[in-house]
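User: I am new to this structure and would like to learn how to read its features one by one. Could you guide me through them?
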Amino acid sequence: MFIDFHTHGKLAKQLPFSTEYTDWLLGEAHNAGLDAICLTEHFNTLQFDELYGYLLENCRREGDSLITGEGLRIFAGMETDIAEGGHILSLGTPEIILKLNSQLEPYKEKGKFLPFEKLMDLFEKYPVIVGAAHPYRVGGHIPELPKEQLQRLHFLDLNGKDVACDREYFEGKTKSMAQKLEIPMVSGSDTHQAVQYGCIATKFAKTMETVEELYEEMKKGCYEIVVSQDAAFKVKTATILKAALKQIHALGGDYVSILTSEGKM
């Protein structure tokens with residue numbers, strides 16, 4: 001099972017949710033050779049609940065995961081900012097992720113983000129697994145947190161955007177941190193735009209239906225991280241395209257119809 005542990009279902013947090021765009025994204029994930037994704041949408045994205053409501057209504061349920069018509073498996077998740085600077089991933093059932101998102105409503109604005117310790121206190125009340133997203137990205141301060149707090153994490157995210165920039169540095173630093181904390185390091189593309197799918201993925205020997213099964217295989221180390229030879233090109237192209245699509249929207253254009261019309265990439 002090829003899985004991407006860090007993906008998004010919208011082009012940008014402040015843009016309206018589009019069923020057509022999300023359908024296109026999920027279809028492109030499948031076309032990129034992924035069997036599964038963790039949909040770790042930003043906790044303060046516009047219409048977070050509508051995105052998951054749409055998936056719950058239109059996907060088939062299998063264990064904790066949702067299966068699209070094309071067969072892509074979706075594990076529900078969320079990416080949450082912390083006060084210290086940095087992002088935390090959480091994975092669970094869609095219902096639990098929606099409940100957690102509701103509980104975080106008072107903390108969604110910059111300046112009101114929960115500190116790591118308080119966020120973990122909340123997460124530990126629910127059956128979720130929690131990881132640090134791109135811990136060594138500029139602007140984040142996760143590695144500076146006390147070790148006793150970091151040991152509450154379940155995994156680290158080796159992020160495709162970072163690997164495409166400097167694989168030796170980010171892979172080395174993230175792997176070293178994972179070893180010190182004695183937790184798995186898995187990988188995610190961090191894509192908001194489909195070109196980036198496949199820049200990095202985690203290959204498991206078996207298919208999992210529940211978050212618990214997924215975590216057990218992670219702890220066993222029954223996987224390998226696969227980095228595309230075209231990772232840098234994929235990330236650079238996706239970054240340029242994302243900026244262009246946001247500009248189209250800002251100018252009153254319909255970026256969704258451009259992507260989903262005949263002749264789409």
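Predicted model: local features only at pLDDT ≥ 70, side-chain atom pairs only at ≥ 80, totals over all residues.

User: Where in the chain do arginine 137 and aspartate 190 lie?

Analyst: Arginine 137 is in the loop between S7 and H5, and aspartate 190 is in the loop between S9 and S10. The pair links distant parts of the chain, 53 residues apart.

User: Are the two partners, arginine 137 and aspartate 190, buried or exposed?

Analyst: The cut-off for buried is under 20% relative accessible area. Arginine 137 has 21% and is therefore partly exposed, whereas aspartate 190, with 5%, is buried.

User: How many salt bridges does the count give?

Analyst: The count is twelve salt bridges. Among them is the one between aspartate 121 and arginine 152, with N and O 2.7 Å apart. Aspartate 121 belongs to helix H4 (residues 116-123) and arginine 152 to the loop between H5 and strand S8 (155-159), so this pair ties together parts 31 residues apart in sequence. Aspartate 121 is partly exposed at 31%, while arginine 152 counts as buried at 17%.

User: Which residues are linked in a network of salt bridges?

Analyst: Arg60, Glu62 and Arg73 are linked in such a network.

User: Let us turn to aromatic residues. How many aromatic pairs are there?

Analyst: The count is nine aromatic pairs. Consider tyrosine 21 and tryptophan 24: the ring centres are 5.6 Å apart and the planes meet at 40°, so this pair is tilted. The two residues are separated by about one helical turn, because they are three residues apart in helix H1 (residues 19-31). Tyrosine 21 is buried, with a relative accessible area of 2%, and tryptophan 24 is buried at 4%.

User: How are the rings of tyrosine 21 and tyrosine 255 arranged?

Analyst: The centres of these two rings are 5.6 Å apart and the planes lie at 70°, so the pair is edge-to-face. Tyrosine 21 is in helix H1 and tyrosine 255 in helix H9 (residues 255-260), and the pair links distant parts of the chain, 234 residues apart. Tyrosine 255 counts as buried, at 5% relative accessibility.

User: Which residues form one aromatic cluster?

Analyst: Phe5, Phe155, Phe204 and Tyr223 form one aromatic cluster.

User: How should I approach the nonpolar cores?

Analyst: As a general idea, nonpolar side chains tend to be buried together in soluble globular proteins. In this structure, the largest nonpolar core has 67 residues, and Leu55 and Phe123 are the members that touch the most others. Apart from that core lies another, of 18 residues, including Ile3, Phe5, Leu91 and Met208.

User: Which residues is leucine 55 in contact with, leaving aside its neighbours within four places in sequence?

Analyst: Leaving those neighbours aside, leucine 55 contacts Thr22, Leu26, Leu39, Leu66 and Ile74.

User: To finish, what can be said about glutamine 149: where is it placed, and is it buried or exposed?

Analyst: Glutamine 149 is placed in helix H5 (residues 147-150). Its relative accessible area is 14%, so glutamine 149 is buried. Not counting residues up to four places away in sequence, glutamine 149 touches Phe116 and Glu117.

How values were computed:
Residues numbered from 1 in each chain as written. Heavy atoms only, no water. Helix = DSSP H or I, 4+ residues; strand = E, 2+ residues; numbered from the N terminus. Buried < 20%, exposed > 50% of the residue type's maximum accessible area, 1.4 Å probe, protein only. Contact = heavy atoms within 4.5 Å. Core = buried A, V, L, I, M, F, W, Y, C linked by side-chain atoms within 4.5 Å. Phe/Tyr/Trp six-rings, centres within 6.5 Å; stacked < 30°, edge-to-face > 60°. Salt bridge = Lys/Arg side-chain N within 4 Å of Asp/Glu carboxyl O.
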